[in-house]
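Thank you all for coming; I would like to walk you through one structure this morning.

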Amino acid sequence: LGWGEAFRIVQNEGTGLLITGTREWKDYRVESRVRPHLASSAGIAVRVQGMRRYYALELVRNGGVRLIKQLDGQKVLAEAEFNWNLGEELDLAVEVDGTAIRGLIGGHLILEAIDQESPLETGGIAYVLTEGRMGSESIYVNPL
């Protein structure tokens, strides 16, 4: 079809996830090169247990990046300014090790948090997207 992307995710309203993996996955690293297009936020999620139970590293349209926890509502665990552009490819990675969550961009640690308040201990992975489109060629998962 000429799209040039193995994964093309579109979410018209709200937040959507493209999920894979199992509930048994515990401590691991997930990495993917993503290209957000006209998205409010886009990224990768870990320890996914459903549409409203996960951690995510998200690129935010207004030039930011954040680690969030989705459980009984959304909680921002860490955030920072990060200069990126729509349509730009970025190498994202998230590591989960016990209660520690680390977000990396281009191989550099950008954000980290410790979640001791009802932590999500296991779960799969996902692309996460809020109102827009994103593309990616591949996603990798490796145990820590």
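Predicted model: local features only at pLDDT ≥ 70, side-chain atom pairs only at ≥ 80, totals over all residues.

Let me begin with a question: which residues does E5 touch, not counting residues up to four places away in sequence? They are R35, H37, R133, G135, S136 and E137, where contact means heavy atoms within 4.5 Å.

Residues are numbered from 1 along each chain as its sequence is written, and side-chain values use heavy atoms, with hydrogens and water left out.

Back to E5, which is found in the segment before β1, residues 7–20; strands here are DSSP runs of E with at least two residues, numbered from the N terminus. E5 has a relative accessibility of 17% and therefore counts as buried, a term that means under 20% relative accessible area, with exposed being over 50% and partly exposed in between, using a 1.4 Å probe and protein chains only. E5 also forms a salt bridge with R8, the closest N and O atoms being 2.8 Å apart, and a salt bridge here is a side-chain nitrogen of Lys or Arg within 4 Å of a carboxyl oxygen of Asp or Glu. R8, for its part, is partly exposed at 30%.

R66 pairs with E58, with closest N and O atoms 2.8 Å apart; R66 is buried at 18%, and E58 is buried at 2%. R33 pairs with E89 at 3.9 Å between the closest N and O atoms. Because R33 lies in strand β2 and E89 in the loop between β6 (74–81) and β7, this pair ties together parts that are 56 residues apart in sequence. R33 is partly exposed at 43%, and E89 is partly exposed at 39%.

That brings us to strand β7, residues 90–97. Six of its eight residues are buried, so β7 is largely enclosed by the rest of the structure. Strand β2, residues 28–37, runs antiparallel to β7 and is joined to it by seven bridges, where two strands pair if DSSP finds at least two bridges between them. Within that pairing, R33 has D91 as its bridge partner in β7. β7 also pairs in the antiparallel sense with β8, residues 100–105, over six bridges, and there E95 stands opposite R102. The two strands β7 and β8 form a hairpin with two residues between them, and G98 in the turn has a positive phi of about 65°.

Which residues touch the most other members of the largest nonpolar core? Of the 30 residues in that core, these are L59 and L92; such a core is a set of buried Ala, Val, Leu, Ile, Met, Phe, Trp, Tyr and Cys residues joined through side-chain atoms within 4.5 Å. At least two residues of this core come from each of several strands, including β2, β7 and β8. Leaving aside neighbours within four places in sequence, L59 is in contact with residues including V34, W84, L92 and I105. Apart from this core lies another, of eight residues, among them L17, Y54, I68 and A126.

Key
Helix = DSSP H or I, 4+ residues; strand = E, 2+ residues; numbered from the N terminus.
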